[in-house]
Amino acid sequence: MSDLRDLYQDVILDHSKNPRNEGRPENPGHEAKGNNPLCGDKVTVYVAINDGVIEDIRFEARGCAISVASASMMSELAKGKSAEDVKAMFNDFHEAVTSKEPIAPEKIEKLDKLAALIGVREFPMRVKCATLPWHTMAAAIDDSTQQVTTE
Ligand code: ZN
């Protein structure tokens with residue numbers, strides 16, 4: 001993957017243009033704000049957790065296509081999963097986009113639609129865009145009151 005255009009595959013464009021689960025729920029329960037000043041991405045993630053399971057997740061995002069698409073995909077993947085499973089998925093995703101090593105095919109398969117974002121590993125600035133919503137969701141789950149920032 002050598003060209004920035006390769007980042008903007010169909011799935012990323014689709015999610016950035018038509019974000020799933022966007023908006024603010026009436027009773028969020030848990031929420032956190034994230035900021036990536038280098039790119040100008042801002043995201044707020046709302047999570048409703050019941051018995052350790054993420055019953056609902058919504059977000060508001062302003063920023064580049066990568067950050068909005070990542071938030072949208074995250075919301076689809078996290079819904080209905082346990083908070084533990086979602087954090088494990090974030091760990092796998094984080095490793096995939098920050099590691100310099102080739103990624104094993106079975107790991108890529110586990111990432112599901114997030115595999116579309118693996119290309120950001122070639123662009124360190126973009127890694128922050130892709131992981132910002134996830135850091136923010138983790139903060140919401142943990143009820144962290146500090147704003148998440150990539151800097
Ligand atoms: Zn960005």
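Okay, let's start at the metal. The zinc ion takes its protein donors from Cys39 (SG), Asp41 (OD), Asp41 (OD) again, Cys64 (SG) and Cys129 (SG), and they lie 2.1 to 2.7 Å from the ion. By donors I mean N, O and S atoms within 2.8 Å of the metal (3.2 Å for Na, K and Ca), and water is not among the atoms, so sites may look incomplete.

Before I go on, a word on what we're looking at. This is a predicted model, where local features need pLDDT of at least 70 and side-chain atom pairs count only at pLDDT 80 or more, while totals for chains, interfaces and linings use all residues. Residues are numbered from 1 along each chain as its sequence is written, and side-chain values use heavy atoms, with hydrogens and water left out.

Back to the zinc ion. Along the sequence, its donor residues follow the spacing C-x1-D-x22-C-x64-C. So are these residues buried or exposed? Here buried means under 20% relative accessible area, exposed means over 50%, and partly exposed is in between (1.4 Å probe, protein chains only). Asp41 is buried, at 0%, and Cys129 is buried too, at 1%. Cys64 comes in at 15%, which still counts as buried. Cys39, on the other hand, is partly exposed at 34%.

Let me stay with Cys64 for a moment. You'll find Cys64 in the loop between β3 and α2. When I say helix or strand, those are DSSP runs, numbered from the N terminus: helices are H or I with at least four residues, strands are E with at least two. Leaving out residues up to four places away in sequence, Cys64 touches Cys39, Asp41, Arg126 and Cys129; contact here means heavy atoms within 4.5 Å. Cys64 and Glu151 are 87 residues apart in sequence, and their C-alpha atoms are 17 Å apart in space.

Next, the strands. Strands pair if DSSP finds at least two bridges between them. Strand β1 (residues 30–36) runs antiparallel to strand β2 (residues 41–50), with seven bridges, and across that pairing Gly34 stands opposite Val43 in β2. The two make a hairpin with four residues between them, and Gly40 in that turn has a positive phi of about 90°. Then β2 pairs with strand β3 (residues 53–62), antiparallel again, over nine bridges. In this pairing Lys42 faces Arg62 in β3. That's another hairpin, with two residues between the strands, and there Asp51 in the turn has a positive phi of about 55°.

Now, what's inside? The largest nonpolar core has 42 residues, and Val45, Ile57, Ile66, Phe93, Leu114, Trp134 and Met137 are the ones with the most contacts inside it. β2, β3, α2 (65–78), α3 and α5 are the elements that give two or more residues to this core. Which element gives the largest share? That's α5, with nine residues. For the record, a nonpolar core is a set of buried Ala, Val, Leu, Ile, Met, Phe, Trp, Tyr and Cys residues joined through side-chain atoms within 4.5 Å.

Take Val45 as an example. Beyond its neighbours within four places in sequence, Val45 has a list of contacts including Ile57, Phe59, Met74, Pro133, Met137 and Ala140.

Last topic, the charges. How many salt bridges does a search of the whole structure find? Ten, counting a side-chain nitrogen of Lys or Arg within 4 Å of a carboxyl oxygen of Asp or Glu. In one of them, Arg20 meets Asp14 at 2.7 Å, N to O. Arg20 is partly exposed at 24%, and Asp14 is partly exposed at 31%. These two also belong to a salt-bridge network, which links Asp14, Arg20, Glu76 and Lys113.

Glu31 pairs with Arg24, with the closest N and O atoms 3.6 Å apart. Glu31 is partly exposed at 34%, and so is Arg24, at 48%.

And then there's Asp142 with Lys87, where the closest N and O atoms are 2.6 Å apart. Asp142 sits in the loop between α5 (124–141) and β4 (148–149), and Lys87 sits in helix α3 (residues 83–98), so this pair ties together parts that are 55 residues apart in sequence. Asp142 is partly exposed at 49%, and Lys87 is partly exposed at 26%.
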